[in-house]
Amino acid sequence: MTRMIPPKGMKELGVETSKGTRVLKAGKDGLFHINDPKLAKKLKAEGLGVASTSGAYNPTNGYTCVKCGFGSFFKKCGKCGEINE
Ligand SMILES: [Zn+2]
């Protein structure tokens, strides 16, 4: 279990995997709980921070789709395909 830190206020994140787009939802602590080590690694590569046990963290930046409001760390929206700059 890896706890990843989403950008501030982000509740959902679309992640492109080999099996298609996967939607992660933030837990009550505001973090994404990742059970898949490969996915955690991928998210880390995209710039997400890993929550430390101390609890202190700084939210990272991501993209919020201008078309549908879906949150993503990728420019291309995982929901509607819009490219967000
Ligand atoms: Zn979208």
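## A bridge to start from

Ile5 stands opposite Gly49 in strand S5. This is one spot in a predicted model, where local features need pLDDT of at least 70 and side-chain atom pairs count only at pLDDT 80 or more, while totals for chains, interfaces and linings use all residues. Residues are numbered from 1 along each chain as its sequence is written.

## Confidence

pLDDT is the predictor's confidence in each residue, on a scale from 0 to 100. The protein has a mean pLDDT of 80. A value of 70 or more is reached by 87% of its residues.

Over residues 54–59, pLDDT stays under 50. For that stretch the model has seven contacts beyond four places in sequence. Two residues are in contact if their C-beta atoms, placed from the backbone, lie within 7 Å.

## Overall layout

Along the sequence the pattern reads β-β-β-β-α-β-β-β.

The chain has 85 residues, and 21% of them count as buried. A residue is buried if 20 or more other C-beta atoms lie within 10 Å of its own, exposed if 12 or fewer, and partly exposed in between, with C-beta atoms placed from the backbone. Take the contacts between residues at least 6 apart in sequence: 47% of them join residues at least 24 apart.

## The three-stranded sheet

Which strands make up the open sheet of three? The order is S4-S1-S5, and the pairing is antiparallel. The edge strands are S4 (32–34) and S5 (49–50), and each pairs on one side only. Two strands pair if DSSP finds at least two bridges between them. In general, strands of a sheet pair through backbone hydrogen bonds, either parallel or antiparallel.

Strand S1 covers residues 2–5, and three bridges join S1 to S4. Here Arg3 stands opposite His33, and Met4 stands opposite Phe32. On the S5 side, two bridges join S1 to S5, again antiparallel.

His33 sits in S4. Is His33 buried or partly exposed? His33 counts as partly exposed because it has 15 C-beta neighbours inside 10 Å. Leaving out residues up to four places away in sequence, His33 touches Met1, Arg3 and Gly27. His33 and Thr2 are 31 residues apart in sequence, yet their C-alpha atoms are 5.8 Å apart in space.

Gly49 lies in S5. Gly49 is partly exposed, because 16 other C-beta atoms lie within 10 Å. Gly49 and Pro7 are 42 residues apart along the chain, with 9.4 Å between their C-alpha atoms.

## The hairpin

S2 (residues 12–17) and S3 (residues 20–25) pair in the antiparallel sense over six bridges. They form a hairpin with two residues between them. Thr17 stands opposite Gly20. Glu12 has Lys25 as its bridge partner in S3.

## The nonpolar core

A nonpolar core is a set of buried Ala, Val, Leu, Ile, Met, Phe, Trp, Tyr and Cys residues joined through C-beta atoms within 7 Å. How many residues make up the largest nonpolar core? It has 11: Met4, Ile5, Met10, Leu13, Val15, Leu24, Phe32, Ile34, Leu43, Leu48 and Phe73. S1, S2 and S4 are the elements that give two or more residues to this core. In soluble globular proteins, nonpolar side chains tend to be buried together.

Ile34 belongs to this core. Setting aside neighbours within four places in sequence, Ile34 is in contact with Thr2, Met4, Leu39, Ala40 and Leu43.

## The helix

Helix H1 spans residues 37–45 and includes Lys41. Lys41 is exposed, because it has 12 other C-beta atoms within 10 Å. Lys41 and Thr2 are 39 residues apart in sequence, and 9.6 Å apart in space from C-alpha to C-alpha.

Notes
Helices (H or I, at least four residues) and strands (E, at least two) are DSSP runs, numbered from the N terminus.
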